[in-house]
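Biologist: Could we go through this structure together? I would like to start with what a term means before we look at any strand.

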Amino acid sequence: MAVAAPQPEKRPVWSDAGDAPFEDVDATPVYARTKKSKKTSGGSANEGWEVLKTIFFALLIALVLRVLLFQPFTIPSASMEPNLYQGDYIVVSKWSYGYSKHSIPFSPPVFNGRVSLPVVSHAPERGDIVVFKLPRDNKTDYIKRLIGLPGDRIQMINNVLHINGAPVRDVVVSDADVTNMYGMPIIQAEETFPDGSKTFRIQDFGPGNDLDNTPVFEVPSGHYFMMGDNRDNSIDSRVDQSQNGVGLVPAENLIGKAEIILFSWNEGASLWNPVSWFTKVRLSRWFNVLD
């Protein structure tokens with residue numbers, strides 16, 4: 001009778017009885033175990049590279065938005081009162097008039113003239129509130145209202161604006177007993193262009209001031225004539241560049257059209273004084289669309 005050969009004992013690959021080799025067994029109780037760190041110098045370098053890439057793409061997106069779509073500005077003076085006050089934070093649309101080298105930060109000389117976008121870009125219109133680079137230095141940002149288009153003749157006669165020989169109609173809407181810092185009375189009026197295309201409010205100190213009578217300014221092709229809404233407190237195209245004025249503004253210097261007042265604070269508000277964020281805020285001016 002044949003005797004069967006003895007079979008080798010089969011051992012499980014793994015079991016709760018501890019059949020695994022001793023050196024592979026973690027004797028630490030399950031509740032006390034923690035994940036072992038797998039960070040290496042290579043892993044740290046990869047994480048640092050990912051952070052740098054994230055920062056780069058965030059800055060790139062911000063730059064694209066700033067160049068192509070919107071740009072914020074702070075109003076630094078009273079030259080556009082009563083429509084814009086010092087401390088207003090406005091947003092300018094960059095696509096409105098197309099793009100020039102001044103649309104890009106630091107105005108690099110990458111191209112000359114303006115590049116327009118189909119459908120969305122259009123020629124500047126009389127009455128637009130425009131941000132532009134000051135022609136005499138091509139660096140300083142200025143904001144004024146566009147009064148004269150190429151081919152227009154602009155003149156102030158006895159405190160009345162004339163466009164192409166026709167007086168601009170004005171109606172006094174406020175002659176309250178208010179004075180400026182020099183004691184001069186402040187008058188607000190609604191002006192309407194001779195063709196009826198635009199009505200807006202201006203501020204004036206009355207007749208007899210320096211810029212109430214001017215010669216005729218003929219606006220050449222490719223240029224614009226700008227004025228501040230605070231007529232007697234604005235250095236604008238009525239003052240020649242040789243006298244530290246604005247002079248006529250080339251089309252290339254236009255940055256964009258002011259669209260909306262985003263936020264506004266009174267004088268004295270400070271980023272480093274959180275209390276002033278609430279005590280100096282002008283909520284009534286927030287999100288006001290500009291005419």
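Biologist: Which strand pairs with β9, and over how many bridges?

Modeller: The partner is β8, and the two strands pair in the antiparallel sense over five bridges. Strand β9 covers residues 187-192.

Biologist: What sheet do they belong to?

Modeller: They belong to an open sheet of three strands, in the order β8-β9-β10, with antiparallel pairing. The edge strands are β8 (169-174) and β10 (199-204), each of which pairs on one side only. On average, neighbouring strands of this sheet are turned by 35° against each other, direction ignored.

Biologist: What holds paired strands together in general?

Modeller: Strands of a sheet pair through backbone hydrogen bonds, either parallel or antiparallel.

Biologist: A change of topic: how confident is the predictor in the chain?

Modeller: This is a predicted model. The protein chain has an average pLDDT of 84, and 81% of the residues score at least 70. Over residues 12-25, however, the pLDDT is below 50, and this stretch has four contacts in the model beyond near neighbours in sequence.

Biologist: How should one read a stretch like that?

Modeller: Where pLDDT is low, the predicted coordinates should not be read in detail.

Biologist: Now to β12: is it largely enclosed or open?

Modeller: Four of the five residues of β12 are buried, so this strand is largely enclosed by the rest of the structure. Buried here means under 20% relative accessible area.

Biologist: Which strands pair with β12?

Modeller: Strand β4 (residues 141-148) pairs with β12 in the antiparallel sense over three bridges, and glycine 148 has phenylalanine 225 in β12 as its bridge partner. Strand β13 also pairs with β12 in the antiparallel sense, over two bridges. There, histidine 223 stands opposite proline 250 in β13.

Biologist: What lies in the loop between β12 and β13?

Modeller: Asparagine 244 is found in that loop. This asparagine 244 has a positive phi of about 65° although it is not a glycine. Asparagine 244 is exposed, with a relative accessible area of 54%.

Biologist: Which other residue has a positive phi without being a glycine?

Modeller: Phenylalanine 287 has a phi near 60°, and it lies in the loop between α2 (274-279) and β15 (288-289).

Biologist: Lastly, which peptide bond is cis?

Modeller: The bond from glutamate 81 to proline 82 is cis, with omega near 10°. Proline 82 lies in the loop between β1 (70-74) and β2 (88-93).

Key
Residues numbered from 1 in each chain as written. Predicted model: local features only at pLDDT ≥ 70, side-chain atom pairs only at ≥ 80, totals over all residues. Heavy atoms only, no water. pLDDT = per-residue confidence, 0-100. Contact = heavy atoms within 4.5 Å. Pairing = 2+ DSSP bridges. Axes fitted to C-alpha atoms, helices over the stretch in contact; angles between N-to-C directions. Buried < 20%, exposed > 50% of the residue type's maximum accessible area, 1.4 Å probe, protein only.
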